[in-house]
Amino acid sequence: MKWHHIQENWAAFYDAILDRWPDADEAELEEIDGDQRAFIAYIAELSGQEPGDAREEIREWMMGELPSDVVMDPRHDNHSIALSAKFVPEGEDEYDDDSRFGDDGRE
């Protein structure tokens, strides 16, 4: 993921941040408000690391996928569908019509 995804959806990342850094404080995260430098400084202080090491740790964390509830934007739909392929049973296509599940708009 890219930092602009995080910055634009900062509050939606609280759970992911708290999963990775359980000692983080939600009130502190609110104050950081998506500022990358402030977040690096906060993680460095929280973990007792040098800022460069904290930056690298954050980079590694950013290599993960965007949480599904973060980006609900049509620009990302096909990309998200393609990523979902790993959860689709063998022999099925992730782009197949799913009308049999009752969520195709028909009532």
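**View 1. Glu57, a buried residue of the predicted model.** With a relative accessibility of 15%, Glu57 counts as buried, because the limit for that term is under 20%. The model shown here and in the other views is predicted. Glu57 is part of helix H5. Its side chain makes a polar contact of 2.4 Å with the side chain of Gln49. Apart from neighbours within four places in sequence, Glu57 is in contact with Arg20, Trp21 and Gln49.

**View 2. Helix H5 and its buried face.** Helix H5 runs over residues 51–62. H5 has 12 residues, and the distance from its first C-alpha to its last is 16 Å, close to the 16 Å expected at 1.5 Å a residue. The buried residues in H5 are Ala54, Glu57, Ile58, Trp61 and Met62. Seen down the helix axis, the buried residues of H5 fall within an arc of 140 degrees, so they line one face of the helix. An α-helix has 3.6 residues a turn, so residues three or four places apart point the same way. The cover over the buried residues of H5 includes H1, H2 and H4.

**View 3. Ile58 and its contacts.** Ile58 is one of the buried residues of H5. When neighbours within four places in sequence are left aside, Ile58 is in contact with Trp3, Trp21, Phe39, Ile40 and Ile43.

**View 4. The largest nonpolar core.** This core has 19 residues, and those with the most contacts inside it are Trp10, Ile17, Trp21, Leu29, Phe39, Ile58 and Trp61. Helices H1, H2, H3, H4 and H5 each give two or more residues to the core. H4 provides the largest share, five residues.

Note on methods. Residues are numbered from 1 along each chain as its sequence is written. This is a predicted model: local features need pLDDT of at least 70, side-chain atom pairs count only at pLDDT 80 or more; totals for chains, interfaces and linings use all residues. Side-chain values use heavy atoms; hydrogens and water are left out. A nonpolar core is a set of buried Ala, Val, Leu, Ile, Met, Phe, Trp, Tyr and Cys residues joined through side-chain atoms within 4.5 Å. Buried means under 20% relative accessible area, exposed over 50%, partly exposed in between (1.4 Å probe, protein chains only). Helices (H or I, at least four residues) and strands (E, at least two) are DSSP runs, numbered from the N terminus. Contact means heavy atoms within 4.5 Å. The expected span of a helix is 1.5 Å times one less than its number of residues. The arc is that of the directions from the helix axis to the C-beta atoms. A polar contact is a pair of N or O atoms within 3.5 Å; within protein, one must be able to donate a hydrogen and the other to accept it, and residues adjacent in sequence count only if both atoms are side-chain atoms.
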